[in-house]
Each structure stands twice: as structure tokens, then as C-alpha cells.
Amino acid sequence: MNDGDTDQNTSLEKQAREVWDEQESRARLEDRESREQTLTSSEKALTPKERDTVAEHGKLSSLTLYSIILREGEEELQRPVISLWWSGVAAGIGISTSVLVEGIIRANLGSDHPYLTLIESLGYSFGFVLVILCRLQLFTENTITVVLPILAQPTRNRFYCTARLWGIVLVANLCGTFITAAIGVHGGIFPVDTLAAILEISHHLATLTPAETFLRGIPSGFFIAAIVWMLPSAKRSEVLVIVMFTWLIAAGNFTHVIAGSNEIFTLVLTGEMNILTALIYHISPVLIGNILGGTGLFAMLTYGQVHEEM
């Protein structure tokens, strides 16, 4: 058999497999539609209006949530570079609100308050509420949003678009946190006690080893990806969902690459750490942990639970 015959057979097998997959997908769709149209024993006694109410209050299925986030991911991959950049810078500036509010709470309660960690961690949620509800480009959100399109259709172009988006958003986020750290340290806009509290928080993060920041970054990446997954079904409880899980990140002493970079850059700008040490030993391990938690764990698990239903 020559190469031409081999290529032709491979093409025919590929076409046959695509036809088979399409038929299976159509059969699963018809099965779901049949289940939706079949009334339960109690629904048979309801009026059409009451049945509509039941449908409105039903939970979104896993496949529906997947489809919503997949659509968002595909749209993000096509956004212009300049849009991604400025949205990413704004997100870096906005997420720094978390460290600012934590510093304000610590400065007012005092470092010796018995419940300081639990109360102070609420301040950590402020920046995430701002960034997520403003629809700004935060790197850790994109560990699931733009990865789902790749899992659905792993083409070279999608890998390129994802790498492009990740690179632009990450650098833009870090520029944003560096700017706010510079303003905080050299701008003279914070009271002395607030700046001292921010430095105290930053010193605590800097005491963690690269291995510790990496391992603590995995749960953070997972929780942020989970927030993205939950928001479409939150139904006017979006703020509560964001606050709950970002509070958990702070209270559990987990690490987040973008919020944490503001603390690390604060130490760089006060001269207590050089920029290479900051990037290599403090920011990079958290970055890898966040990616592993958001993409390696959550995105793969969510794709796995709906793959056979598509």
C-alpha cells in the first residue's frame, strides 16, 4: 500500500469517526430533550404558568454552565491586544484594594487582636469583588475560562490565542499591582499606621518558602476557578459567593499570584527585596500553583464531568 492509499484511508476513518460522534451527540441531545418534555407526576397537576415557574427556578445543569463559560472563553480569546492590556492593568490596580483594606483593618484593630486573621481576611475580598464584577481581566480567572475552548477543540490557533492572552494579562496585572505598590510606598497617600500594617502583611508573605507558596497557590487557583463556575447560577448572590471563597483564601493563608504580587512589590519598592528575588522565589511559584489548581484540577474536572454529555 502506497502513501496515497494510507492517507486516503486515514481521511476516511477520520470522516467516519466524525459522523459517528455527531450521531452520538444528536442522540444525547434528543434524550435530554425527551426528559425535559416528560412531565413528572406533580407537574401534570400544574397549570402552564406554574410549570414555567418550576422551569425558571430549576438549577442550571453542568453542561449549561460549561456552555456559558465556554462561550465567554471563546469571546475572550478574540479580544484585541490593547483591550486585554488595559483591562489587565485595571485589574491589577483593582485587586490591590484587597491589600489596602486588609491594612486598614489591621491598623485599626491592632496586630494583637485575638480574631485579627478572621476579620482582616474580609478585607481581602474587596479587590476580588471589584475586579470580578467590573469584568476586568484577572489572570487566575482565565485559568479556566479560556482553557475550556482548548479542551473542547485543541487546535494550534487556540493554543496560540490562549498563550497570547495569558502572557498579556499576566504582565498587565503585575504592572497594575506594581503601580499601586509604588503609589502606596512613595505617593504619601496612606496614613503611616496603614502603610506599616501593609508592610507587616507583606513581611508575613515573604517568610514563606517557594515550596510553601507553590503548594498554597494550588487551592487558591481551584477556588477562583470555582467562583467563575458558580457565578452564572449565583442568581443575585454573586457578591456573597465571591466574598465567601476569597475570604477562605485569605483566612486559610493560601496564596494568590496577583494579589500577593502587590505585597511583594511593596517590599521591592522599600528596598527590602530585589526584583529578581521577588519574581523568581515569590511570584513564580505561586503562579505555577494557581495554574495547576485552576487549569490542572478544576478545568479538567469540569470538562470531564460533561464530556460524555456533549
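Predicted model: local features only at pLDDT ≥ 70, side-chain atom pairs only at ≥ 80, totals over all residues.
1. The nonpolar core. The largest nonpolar core holds 53 residues, and the members that touch the most others are Tyr66, Phe128, Phe139, Ile144, Trp229 and Ile258. Helix α9, residues 156-186, supplies the largest share of this core, with nine residues.

2. Isoleucine 144. Beyond residues up to four places away in sequence, isoleucine 144 touches Ala225, Val228, Trp229, Gly294, Phe298, Ala299 and Thr302. Of these, Ala225, Val228 and Trp229 are among the buried residues of helix α11.

3. Helix α11. This helix runs over residues 210-230 and has 21 residues; from first C-alpha to last it reaches 30 Å, close to the 30 Å expected at 1.5 Å a residue. Its buried residues are Thr213, Gly217, Ile218, Ser220, Gly221, Phe223, Ile224, Ala225, Ala226, Ile227, Val228 and Trp229. Their cover includes α3 (62-77), α6 (116-133), α7 (142-145), α8 (147-152), α12 (238-251) and α14 (275-306).

4. Helix α6. With 18 residues, α6 reaches 27 Å from its first C-alpha to its last, close to the 26 Å expected at 1.5 Å a residue. The buried residues here are Leu116, Glu120, Ser121, Gly123, Tyr124, Ser125, Gly127, Phe128, Val129, Val131 and Ile132. What covers them includes α4 (81-95), α5 (97-109), α10 (192-206), α11, α12 and α13 (257-269). Just after this helix, arginine 135 adopts a positive phi of about 60°.

5. Alanine 250. This residue belongs to helix α12. Alanine 250 counts as buried because its relative accessibility is 16%, and buried means under 20%. Apart from neighbours within four places in sequence, alanine 250 is in contact with Glu102, Ser121 and Tyr124; Ser121 and Tyr124 are among the buried residues of α6. Alanine 250 and serine 220 lie 30 residues apart along the chain, and their C-alpha atoms are separated by 9.2 Å. Serine 220 is itself one of the buried residues of α11.

6. Is leucine 279 buried, exposed or partly exposed? Leucine 279 counts as partly exposed because its relative accessibility is 33%, which falls between the limits of 20% and 50%.

Conventions
Residues numbered from 1 in each chain as written. Heavy atoms only, no water. Core = buried A, V, L, I, M, F, W, Y, C linked by side-chain atoms within 4.5 Å. Buried < 20%, exposed > 50% of the residue type's maximum accessible area, 1.4 Å probe, protein only. Helix = DSSP H or I, 4+ residues; strand = E, 2+ residues; numbered from the N terminus. Contact = heavy atoms within 4.5 Å. Expected span 1.5 Å × (residues − 1).
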